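Me: I'm new to this one and would like to go through it slowly. Can I put my questions to you one at a time?

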Amino acid sequence: MKPGDVYKWLDQGPVLLLKRVIIYDPIRVIDLDEGGLMFDDWPCEPGWLIKVLHTGEYVEVHDETLREIE
């Protein structure tokens with residue numbers, strides 16, 4: 001996978017891969033300890049910034065939601 005490749009995203013049709021991003025997991029406030037959570041410790045995983053070709057929408061998505069176009 002590299003920027004400029006066209007993949008399929010979920011059921012949204014073809015998308016253009018733009019750049020790699022880090023997607024941070026949502027955390028509920030009640031799950032934080034009293035000391036808080038440092039930015040470097042925040043749970044995250046790699047993903048992509050994509051452009052949905054049918055709508056022009058830009059979305060950050062997880063790697064596992066992208067499929068090669070057959």
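Me: Which residues does aspartate 5 touch, not counting those up to four places away in sequence?

Reply: Aspartate 5 touches Val15, Leu16 and Leu17. A contact here means heavy atoms within 4.5 Å. As for its place, aspartate 5 sits in the segment before β1. Before we go on: this is a predicted model, where local features need pLDDT of at least 70 and side-chain atom pairs count only at pLDDT 80 or more, while totals for chains, interfaces and linings use all residues. Residues are numbered from 1 along each chain as its sequence is written, and side-chain values use heavy atoms, with hydrogens and water left out.

Me: What makes aspartate 5 count as buried?

Reply: Buried means under 20% relative accessible area, exposed means over 50%, and partly exposed is in between (1.4 Å probe, protein chains only). Aspartate 5 has 19% relative accessibility, so it counts as buried.

Me: Why are aspartate 63 and arginine 20 called partly exposed?

Reply: Aspartate 63 has a relative accessible area of 21%, so it is partly exposed. Arginine 20, at 42%, counts as partly exposed too.

Me: What secondary structure does the protein have?

Reply: Zero helices and five strands. From the N terminus on, the elements run β-β-β-β-β. Helices (H or I, at least four residues) and strands (E, at least two) are DSSP runs, numbered from the N terminus.

Me: What makes up the largest nonpolar core?

Reply: Ten residues in all: Tyr7, Trp9, Val15, Leu17, Trp48, Ile50, Val52, Val59, Val61 and Leu66. The elements that give two or more residues to this core are β1 (6-9), β2 (14-24), β3 (44-52) and β4 (58-62). The largest share, three residues, comes from β3.

Me: What does isoleucine 50 touch, not counting residues up to four places away in sequence?

Reply: Its contacts include Trp9, Val15, Leu17, Val59, Val61 and Leu66. Glu57 and Tyr58 are also among them.

Me: Is valine 21 buried or exposed?

Reply: At 10% relative accessibility, valine 21 counts as buried. Valine 21 lies in strand β2 and touches Glu45, Pro46, Gly47, Trp48, Leu49 and Glu60, leaving out residues up to four places away in sequence. Valine 21 and proline 46 are 25 residues apart in sequence and 6.0 Å apart in space, C-alpha to C-alpha.

Me: Why is methionine 1 called partly exposed?

Reply: Methionine 1 has a relative accessible area of 48%, so it is partly exposed. Methionine 1 is found in the segment before β1. Setting aside residues up to four places away in sequence, methionine 1 touches Tyr7, Leu17, Trp48 and Leu66.

Me: How do you know that threonine 65 and tryptophan 9 make a polar contact?

Reply: A polar contact is a pair of N or O atoms within 3.5 Å; within protein, one must be able to donate a hydrogen and the other to accept it, and residues adjacent in sequence count only if both atoms are side-chain atoms. The side chains of threonine 65 and tryptophan 9 make theirs at 3.2 Å, so the distance is within the cut-off. Threonine 65 is in the loop between β4 and β5 (66-68).

How values were computed. Core = buried A, V, L, I, M, F, W, Y, C linked by side-chain atoms within 4.5 Å.
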